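Dear colleague,

Please find the structure below, followed by a short account of what was found in it.

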Amino acid sequence: MLVPKISPSQTLGPALRRALGLLPTVLYTDASEANVDGEPAAWAQVSASDDVQALLNSGLAVAVVGADDDLARVGGFDRARLALRYASASEDVSDPSAITRAATVGINHAGAVILDLTAQQIAAATDSAGVEAQGPSPLAALVRATERQVIGANGPVRVLVELSGSAEGWTLGLLSRVGSTGASAVVDARVLGVGDDCAGRLELGAALVAACGLSSDRTDGLVTTVVVDEQRTCLGVAYSNGASLAAALASGDGVYWSRKRGLWHKGLTSGATQALVGVSVDCDADALCFRVRQQSPGFCHRQTSSCFGPAAGLTRLAQTVADRRVNAPEGSYTRRLFDDAALLRAKIVEEAGELADATDPADVAFEAADLLYFAMVKCAAHGVSLADIERSLDRKHLKVVRRPGDAKPGAIPAPVAPVAPVAPIAAVIPEVSRTSIQNAGIRAALPGEKIALRVYSADELSESERDALLQRPLVDSQEIMRRVRPIVDAVRARGDAAVLELTAKFDGAQMDSVVVRAPFNVPELPDAVRAAIDQAYANVRCFHAAQLPADSAVETMPGVTCRRFSRAIERVGLYVPGGTAVLPSSALMLGVPAQVAGCREIVLATPPRPDGSIVPEVLYVAHKVGATAIVKAGGAQAIAAMAYGTESVPKVDKICGPGNQYVTAAKMLAQNDSDAMVAIDMPAGPSEILVVADATSNPAYVASDLLSQAEHGPDSQAVLLAVGLSAAQMAAIEREIDTQAARLPRVDIVRQSVPKGFCLCVPSMADALAFSNAYAPEHLILQTDSASDYVKDIVNAGSVFVGHYSPESCGDYASGTNHTLPTYGYSKMYSGVNTATFLKHITSQELTRDGLANIAQTVMTLAEVEELEAHRNAVAIRLKDL
């Protein structure tokens, strides 16, 4: 690519300066002169006296520093924002020192390297003679090395070449040699020209073509040119050549080469002109992209904005609002919004509040769309375009100093009582109402912000504030039931047809059938995955087999024997969630105890993949646990199908398994419907974990356990009870949470869930266990040296993980215990799934003649008290025969 260099001493004509601003990057020799508000990315050479942080924060895209400078002062910045400049030790043509140092050091520490080379050194560095025998040229080899140094969305490290010595040394041939290697050329703006101002200079378009190695595979030599608007929405395709590119850069308009008419100044006769905003070349250097500000009626000859149909989304909204700003009829609602600033403000505040309160994804999207409409009206009323908003966003993205992110006074409801968070974490935790931990003031951590729990001190909380921390996420159960009931009713009424329609709607899978029956066609799995599943299966089966109860018999009095024995529930349905994760472990945790219990029919339901197939790992587990059928459906429709049965889905007697709020609602509906005659394992809510840590805990272990549940979903609950920890120990845990979270693939989920959790600082282990028993967590981790001593004090918990080396993950997958556990505080009255979940217990009694004689009077007396004569008579009639 061509990168023009601008110095303060240069006097550039307005046409050239405007044309240089159309290129993606401009390099300034003086950082104080850099135009950080313009369209192109501004790079600038910085000196030892420059405040690099302030420059980057003001909008400078890249700071260029000398490779021999003290890198410590810039080492804390994103490497994509830095470029290192290298020069050869001498002017020796064969001296490769600049390239060598850039390859060994620069490309590992910065987002770009700039090589200062003489014309002769450039020629030597780009010499491709003997390539087949000796490999690529030195400069090409460096560029290839950078292709393995990808910096996130910024792409590979860039290599730029600047001509040292005389600026006039650049020729089109020399630019072409640099471009052929994939490197960019830094060219002094004084040697460039546009239009009629090219005498003795390189015409900018020709220089751009040479430096980029732009080429065409067409016989006429025309280059495909993609035309996009300011939001980079494609308007259409045109063609360019050297002449049209030179004309476009000189005029600042959309100028192309028509295959019929030659030079084509777009809209010159129709009025649908284009102001050129930017010019770029694609990665393969065989296509151009013109970014334009298109005038009405649009790019297409059919009077539409795009050749690919009308605009959509925000672009269409912006167009509509701009049109109504001019053409809205008097008295219309839109005209009122434009004319009445108070009304518009009220609507923005109203919609912002509704968005803040929304929780369901569909509701969030609906309310966000409303807020965006009124926001765009506000912008249009003040002459602000969508492109202006995007430029502001881009400038914010360049900030390296982040604001604390606290809300303005009055934006967050006042707390019930002032509570001082524990330092040093307090500085990054916004004040929130203590009436509920699910308060509107709690928001997700934004990219770049610290991911942290809220922190409270137990000795500073009132009883009502402590009780508020025990609350779980508030759920509008009536609204969820309202959404779920039509799904359940549809499956009851239309069976398989409804399941297929709902699966296509919610899972995007078009299928011909709902059920796959055993034996299953299990695909090959990687050896390591198969071995892991086999080991987990063995451990879970071992633990659950030990839970099989023995029959019991007791002679309660002479001649009266009472017995208790177990029988498996005949038909069980197992729900294995899908969605954001593949969960063969859930299939194991449900299928193994059902298999151990001896259930005759095991029906497994799981959402299909988009192609209608089952996740191979889940299919393999279904085979191992002896499942008789797999229902290819998820959500409420799967629960309804198993509860009521369809043409192909067997009706079951009990449904077990975790799921989201809609799955739970469907299970509750079915359980309460006598027509379904189905039981469920337990109610369920979001995943949760409570970690008890003291001074003996490892901060990295504590953070990893909290995050292992926080990554499940946005409403997952992560709670830390810090027993007597110092500020330094708390800070160490905080750093580990933020550092480990940032590395997770599901960091976007963690940014939402962690701020909803909290840390409660308590003075003693007794206080910690008292709070834990009141909270009744799904997973409880005792991460202390003497953890086993405290197990006897635990009253309410789904599963307990004892000691430093018992991570919750082991229980989730392979230790042997079951991971389908009560959440939402239900561990106060429910157990997790176990072998007994799939059993029913039957009692019997056998009385001899003497036994009946011994107990007869007791039974008849109690029957007379209850005035149940038939009961008394059933004994009395037998006494006559004794």
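**Findings**

Strand β4 (residues 62–66) pairs with strand β5 (residues 82–87) in the parallel sense, over four bridges. Two strands count as paired if DSSP finds at least two bridges between them; helices (H or I, at least four residues) and strands (E, at least two) are DSSP runs, numbered from the N terminus. Within this pair, valine 65 stands opposite leucine 84 in β5.

The model is predicted, so that local features need pLDDT of at least 70 and side-chain atom pairs count only at pLDDT 80 or more, while totals for chains, interfaces and linings use all residues. Residues are numbered from 1 along each chain as its sequence is written, and side-chain values use heavy atoms, leaving out hydrogens and water.

Both strands belong to a closed barrel of eight, β1-β2-β3-β4-β5-β6-β7-β8, with parallel pairing. From one strand to the next, the twist averages 25 degrees. Axes are lines fitted to C-alpha atoms, for helices over the stretch in contact, and angles run from 0 to 180 degrees between N-to-C directions.

Helix α8 lies across β1 (2–6) and β8 (184–188), at about 125 degrees to β1. The axes of α7 (residues 172–181) and α8 (residues 204–212) come within 6 Å and cross at roughly 35 degrees. Their contact (heavy atoms within 4.5 Å) involves Leu172, Leu175, Ser176 and Gly179 of α7 and Ala206, Ala207, Ala210 and Ala211 of α8.

Just after helix α26, alanine 776 takes a positive phi of about 55 degrees.

Yours sincerely
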